[in-house]
Amino acid sequence: SAIDKEKREKEYKEDTLYEFILNEIHPLIKMRYRINNYIYSFACSKACYTALKLAYSNEFKGAVLLSPIGNFKKISRPTQTKLIYISAGKKELDGLTIKNIADIKQEYDLVHIVLNDNQNHDESAWKELTYEALNFLIL
């Protein structure tokens with residue numbers, strides 16, 4: 001669906017990707033590989049909605065969200081503690097996303113937010129942030 005942008009947008013909005021990962025991919029990985037309970041979702045841009053929703057499920061411990069875009073208010077909040085890393089450039093965020101990030105930070109102690117005026121909204125910026133995000137999750 002990466003080639004068909006309309007299909008990809010529809011999958012994000014209708015939770016198709018979320019359901020597929022949670023109900024098909026995650027059980028398959030658990031069945032085929034020996035994994036522990038420290039499972040995190042990792043996403044960039046509009047896929048952050050799906051990653052955060054996965055993080056809030058019982059199967060995941062948290063998420064890394066790079067340059068998140070979306071209305072995260074629609075996602076029901078978890079009852080257990082989650083570890084969330086959010087990084088974005090202030091110029092790329094719209095008002096709704098900034099409010100959603102602030103709400104997440106207010107609700108959870110284990111949220112690390114990095115806002116950078118000069119961060120780009122592209123793969124090169126996300127590649128640089130991956131190391132810092134993984135350090136946050138591990139340490």
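**Entry 1: the model.** I'm working with a predicted model here.

**Entry 2: helix 2.** I started with helix 2, residues 16-32, which has 17 residues. I checked its span: 23 Å from first C-alpha to last, close to the 24 Å expected at 1.5 Å a residue. Then I looked for a bend and found one of about 30 degrees at Leu22. Leu22 is also on my list of buried residues in this helix, together with Tyr18 and His26. Residues three or four places apart in an α-helix point the same way, because there are 3.6 residues a turn. What do the buried residues of helix 2 pack against? They pack against helix 3, residues 48-56.

**Entry 3: Leu54.** I moved over to helix 3 and picked Leu54. Buried or exposed? Leu54 has 3% relative accessibility, so I put it down as buried. Setting aside neighbours within four places in sequence, I get contacts from Leu54 to Tyr18, Ile21, Leu22, Ser41 and Phe60. Tyr18 and Leu22 are buried residues of helix 2. For Ser41 I also looked up the C-alpha separation from Leu54: 6.6 Å, with the two 13 residues apart along the chain.

**Entry 4: cysteines.** How many disulfides does the structure hold? I count zero. I went on to Cys44 and Cys48 to see why. The closest cysteine sulfur to that of Cys44 is in Cys48, 6.2 Å away, and that is too far for a bond. Starting from Cys48 I land back on Cys44, at 6.2 Å. For this call the sulfurs would have to be within 2.5 Å. I noted accessibility too: Cys44 counts as partly exposed at 21%, whereas Cys48 is buried at 0%.

Entry 5: Next I traced an open sheet of four strands, order 1-2-3-4, with parallel pairing. Strand 1 (40-44) and strand 4 (111-116) are the edge strands, each pairing on one side only. Ignoring direction, neighbouring strands are turned by 5 degrees against each other on average. I took a look at strand 3 (residues 83-89) and strand 4, which run parallel and are joined by six bridges. In strand 4, Leu115 is the bridge partner of Ala88.

**Entry 6: helices on the sheet.** Helix 3 packs on the sheet and touches strand 1, strand 2 (62-66) and strand 3. I get about 165 degrees between the direction of helix 3 and that of strand 1. Helix 5, residues 123-138, packs on the sheet as well, touching strand 1, strand 2, strand 3 and strand 4. Its direction makes about 155 degrees with that of strand 3.

Technical notes:
Residues are numbered from 1 along each chain as its sequence is written. This is a predicted model: local features need pLDDT of at least 70, side-chain atom pairs count only at pLDDT 80 or more; totals for chains, interfaces and linings use all residues. Side-chain values use heavy atoms; hydrogens and water are left out. Helices (H or I, at least four residues) and strands (E, at least two) are DSSP runs, numbered from the N terminus. The expected span of a helix is 1.5 Å times one less than its number of residues. The bend at a residue is the angle between axes fitted to the seven residues ending there and the seven starting there. Buried means under 20% relative accessible area, exposed over 50%, partly exposed in between (1.4 Å probe, protein chains only). Contact means heavy atoms within 4.5 Å. Two strands pair if DSSP finds at least two bridges between them. Axes are lines fitted to C-alpha atoms, for helices over the stretch in contact, and angles run from 0 to 180 degrees between N-to-C directions.
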